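Please look through the sequence and the model shown here before reading on.

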Amino acid sequence: MAELIPPKNLLVPAVLVFILFFGLMVFPPLGALIGVLSPFPLVFIYLQRGRQVGIALVALVFVVLLLLVGANQAMLFLAEYALMALVLGELIRFQLPGDRCIAISALASGFVSMVLLVALFGDQDVSVKEFFAKQVRSHFSQSMEAFESMGENKAEVEEMKAFAEKMAEVFAASYPAFLLIGSLIGAAANYALIRIAWIRLYGPGLFSGRAFSEWICPENLVWGFILSGAALFLGQGMVADAGLNVFLVMLCIYFAQGLSIIVHFLKVRKVPTFFWFVLFILIFVQPLLIGLVAGLGVFDIWADFRKLRTVEDVS
């Protein structure tokens, strides 16, 4: 484990926390973004001031939330963000590779969040799956009402309602995957921000691993992708639901690998930053391009587009 680096600017995390909460007061819709980025200042202080101060800060935030918003929301914060911050900070202190830091902290946060959701809904008349199905149906019903008010053909509206009912069941069955994917995205975003801020202030000491453009996910994960796909398309009931959840998580992982391939070639070709933004906006707004990028990540196992495995074998 690396020695604790003496702080050079103790005001940085305090300023970050102030900016986040000031943004929430000025523009309330930023709440979701602030929630995702809330581990950032916690991890920064954890790395800067040490384990005891980091845990004390998390406890302080938890008590404040407990008094302001109630026990349920405070517990969700503890499971989703505080636990992620503590695990991520500890793993970075041990200088583990970035992908392991992200995966382990996301798994810990996602698992505890699922257990907490089950516990919270255990005393209610509906299960977690039924609750999510109800929420999805309510959103679809609002869209259907809008179509009916526009004078759309009744037969088409009925077909859309039937399709919406099926999709509500699919979304409800895949809530564990969406919860874990959200944890992975949150852990990755916070790790990237911490890496950038820490390297600029203190140098690369704790972050000496590969750049994202050179990242390769473990090859054995392809079996999870293949088996989950088989369970999804060939199985029924709980087998199909489990396959759906694992398949969605695998798609997310291979989409990240596809993005790393694209970033690699953008760097190699020295493409101007403006075209980076244009390309990534197109990718994230076009479902077809999302699928193509994920496919690029899958086929990289055999094609080795960046020739990184060849270099490793030679060395």
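Predicted model: local features only at pLDDT ≥ 70, side-chain atom pairs only at ≥ 80, totals over all residues.

Gln-257 has its place in helix 11, and Gln-257 counts as buried because its relative accessible area is 0%, while the cut-off for burial is under 20%. When neighbours within four places in sequence are left aside, the residues in contact with Gln-257 are Trp-215, Ile-216, Cys-217, Gly-297, Asp-300, Arg-306 and Arg-309.

Helix 11 can also be checked for its length: with 31 residues at 1.5 Å a residue, helix 11 should span 45 Å, and this agrees with its end C-alpha atoms, which are 45 Å apart. Just after helix 11, Lys-270 takes a positive phi of about 55 degrees.

## The fold and its cores

The protein contains 14 helices and 0 strands. Among the contacts with a separation of 6 or more, 73% come from residues 24 or more positions apart.

Where are the residues that touch the most other members of the largest nonpolar core? In this core of 41 residues, they are Ile-92, Ile-194 and Val-249. The elements that give two or more residues to the core are helix 3, helix 5, helix 6 (98-121), helix 9 (175-202), helix 10 (221-234), helix 11 (238-268) and helix 13 (287-303), and helix 9 gives the most, with 10 residues. Not counting residues up to four places away in sequence, Ile-194 touches Phe-40, Val-43, Leu-47, Leu-88, Ile-92 and Phe-207.

## Aromatic pairs

The structure holds 12 aromatic pairs. In one of them, the rings of Phe-40 and Phe-44 have their centres 6.3 Å apart and their planes at 90 degrees, so this pair is edge-to-face, given that planes over 60 degrees apart count as such. Phe-40 and Phe-44 are separated by about one helical turn, because they lie 4 residues apart in helix 3 (residues 39-49). An α-helix has 3.6 residues a turn, so residues three or four places apart point the same way.

The rings of Phe-77 and Tyr-81 have their centres 6.2 Å apart, but their planes are at 50 degrees, so this pair is tilted. Phe-77 and Tyr-81 are likewise 4 residues apart, about one turn of the helix, and both lie in helix 5 (residues 71-93). The table gives the accessibility of these ring residues.

| Residue | Relative accessibility | Class |
|---|---|---|
| Phe-40 | 10% | buried |
| Phe-44 | 0% | buried |
| Phe-77 | 11% | buried |
| Tyr-81 | 22% | partly exposed |

Why does Tyr-81 count as partly exposed? Its relative accessibility is 22%, and the partly exposed class begins where the buried class, under 20%, ends. Phe-40 and Phe-44 also belong to a cluster, in which ring pairs link them with Trp-198 and Tyr-202.

Definitions and conventions: Residues numbered from 1 in each chain as written. Heavy atoms only, no water. Phe/Tyr/Trp six-rings, centres within 6.5 Å; stacked < 30°, edge-to-face > 60°. Buried < 20%, exposed > 50% of the residue type's maximum accessible area, 1.4 Å probe, protein only. Contact = heavy atoms within 4.5 Å. Core = buried A, V, L, I, M, F, W, Y, C linked by side-chain atoms within 4.5 Å. Expected span 1.5 Å × (residues − 1).
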